[in-house]
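Open the model in your viewer and keep the selection tool at hand.

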Amino acid sequence: MESIIQILARELDCPPRYVENVITLLDEGNTVPFIARYRKELHGGMDDQRIRALADRLQYLRKLQQRRDEVKGAIENQGKLTAELSQAIDAAATLAEVEDLYRPYKQKRRTRATVAREKGLEPLALLLFAQERDCPDPLTEAAKYIDPDKGVDTAQDALQGASDIVAEIISDDAAIRKTLRELYQRKARLVSAAAAKEPEDTVYRLYYDFSAPISKVQGHQVLAINRGEREEILKVGVDMDREAALVAVRRGVVRPGSAAMEFVKAAAEDAYDRLIAPSLEREVRSDLTQRADEGAIGQFALNLKPLLMQPPVKGFVTMGLDPGYRMGCKVAVVDPTGKVLDTTVVYPTHGERGKQEAIAKLSRLIRKHHVAHIAIGNGTASRETEQMTVELIRQIGGGVSYMIVNEAGASVYSASKMAAQEFPDFDVNLRSAVSIARRLQDPLAELVKIDPKSIGVGQYQHDMPQARLGQALDGVVEDCVNAVGVDVNTASAPLLTRVAGLTATTAKNIVKYREENGPFTAREQILKVPKLGPKAYEQCAGFLRVPESGNVLDHTAVHPESYQAAEKLLALCGYTMADVAAGKLPDLKQRLEGYGLEKAAQACGVGVPTLLDVAGELRKPGRDPRDELPAPLLRTDVMELKDLKPGMELKGTVRNVIDFGAFVDIGVHQDGLVHISQICERFIKHPSEVLSVGDVVTVWVKEVDEKRKRISLTMRKDQV
């Protein structure tokens, strides 16, 4: 039997020693970002995502092994564990297979077979099920078991009870279930129909007469069908060729030539119809849902990462507008660091007079604070607010640009305890305006304050297993925060909480320490923070930047454990820390290759991967990896739906990537859909192969449905 390490090595296609090292590191309490970044020699350069996949699979395999041991122990307590059965349980590759093997020995609730056994009919059932050549006539043999005191009044009653026992034996047969499970995977179909005789036109109309092989049904279809069933709009089932399934069952139990053959054949049909088929249908539906959930969670995580990693619009005073009708448009002006400079409320949707008053008031704020950019939330009244903003920019003579910002989760944050602590004197709505402004300035720093499930870059997120979804999305947020790094002197407690090795308590203690003692001036000073011990420091130090430190290495992602290596590397290449601080270092990789990477690494006392990482950091101390990505699309003008014409070429920002395409913001308030078939000329299985949230793309208008407010776009010029 393969060990867990061997299984993981095979599945991940990497050497067993790397898998073993990662497992050891995880068991020692090291975080995924720390392992991925600072222990590359031990795992061969696995990234965060691969290590998380390993950790998830490790958890399942350990749970599987634990269940194997529990099942073997339970069967052994019954005195029924054989060497053959023990070997079969050890070889079971899934929890479902383990449960199949345990099924005959599991204590059952009262069943028809249980009742028949209580009537003393088990010997008859076993005799007939054996189907020996000299097996007596079933009805004649059954007559021997007539016992009115036990409720067996006739031979037919005895045969029925024996049949119930045989049906349960067949249903509990692990080999038969495995064969049928594989058959279902090949031949069964997921089907759905409208629950009502005359259904209304709903979003589920595609599934009013739907059928697809379960091996090919798409995750988004499964999730839509499940939701339609919950809302009692759809009736759903699994369609399987009954005769093909019965052939598979009979093949395993029926022995031709016996007088009991027809009896067993009938019991096998009963086992399939009454016990196995309903069980397998539930299992198939559960497996489809689980796969769809995992796919949707994976897509959500895939979309979340580029959203969090969107390039910040740094160094500018920014105005945030939280649109609204009745309560007006909430306004907040923040300085380049996100500090609130001014707030107000305007009413651009309250007639022409209200709009002109709003423009006048916002013009004064723009001039007073030298606002460079305006961030507009994409919620209610966003279109009217955007039109007002364009008119505002024209009236002040330009010099200001705007961007529509996804405000998903802003209201959740503004009403949270965290927001109340950050802005105790602000109205809830004004907090949303501040959040919208900061989302343009630094999406990552602001979005970490919000539950990732509320950010809205997935599909059917409210139908997902919330704990699993939360775990996956928290992992993405953690990876992004640690990839960018955090300024320990300006970061909020929520942002610090996402740093590897820090908890909510230690993050709050860092903020409290700097408030009481002033800014940190060295990385090692972090060790003075209460409840932040050596292990936590080891995990977090490399991800915390200290710009106020006199040691330039404290500005970088070089871990304190590698400071000596960095100094030796500089000496080896003929440079000093002053050169690093001045940004005068060339790319050292070529020089190191000339010297010999292995030799240089040995001289510096580290491995080659760490050596190259250190060299990269020394060349660009304090760099933000987001700065290397395409800048966000800022606008100065606006279009409306009626302005769009087929064939029109536009620039847009990808807002969401889903199974069947991508939604693109083209500046008309309503996002357009690029169907998967319109993304590129070659075949792709999923839009994420080509697109990510935040990508700026060129699209052409294919079709506009003003009545339904639907825009069909293409990224293929040949389709225009």
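**Stop 1**

Select Y272. Beyond its neighbours within four places in sequence, Y272 is in contact (heavy atoms within 4.5 Å) with L180, Y184, M240, R242, A245, L246, V249, A277 and P278. The model is predicted: local features need pLDDT of at least 70, side-chain atom pairs count only at pLDDT 80 or more, and totals for chains, interfaces and linings use all residues. Numbering runs from 1 along each chain as its sequence is written, and side-chain values use heavy atoms, without hydrogens and water.

Helices here are DSSP runs of H or I, at least four residues, and strands are E runs of at least two, numbered from the N terminus.

**Stop 2: helix α13**

Select residues 219–230, helix α13. Its twelve residues reach 17 Å from first C-alpha to last, close to the expected 16 Å (1.5 Å times one less than the number of residues). Which residues of α13 are buried? Colour H220, Q221, V222, L223, A224, I225, N226 and G228. The buried residues of α13 pack against β1 (189–194), β2 (209–213), β3 (234–239) and α15. End at E232, which follows α13 and has a positive phi, near 60°.

Note on methods. Buried means under 20% relative accessible area, exposed over 50%, partly exposed in between (1.4 Å probe, protein chains only).
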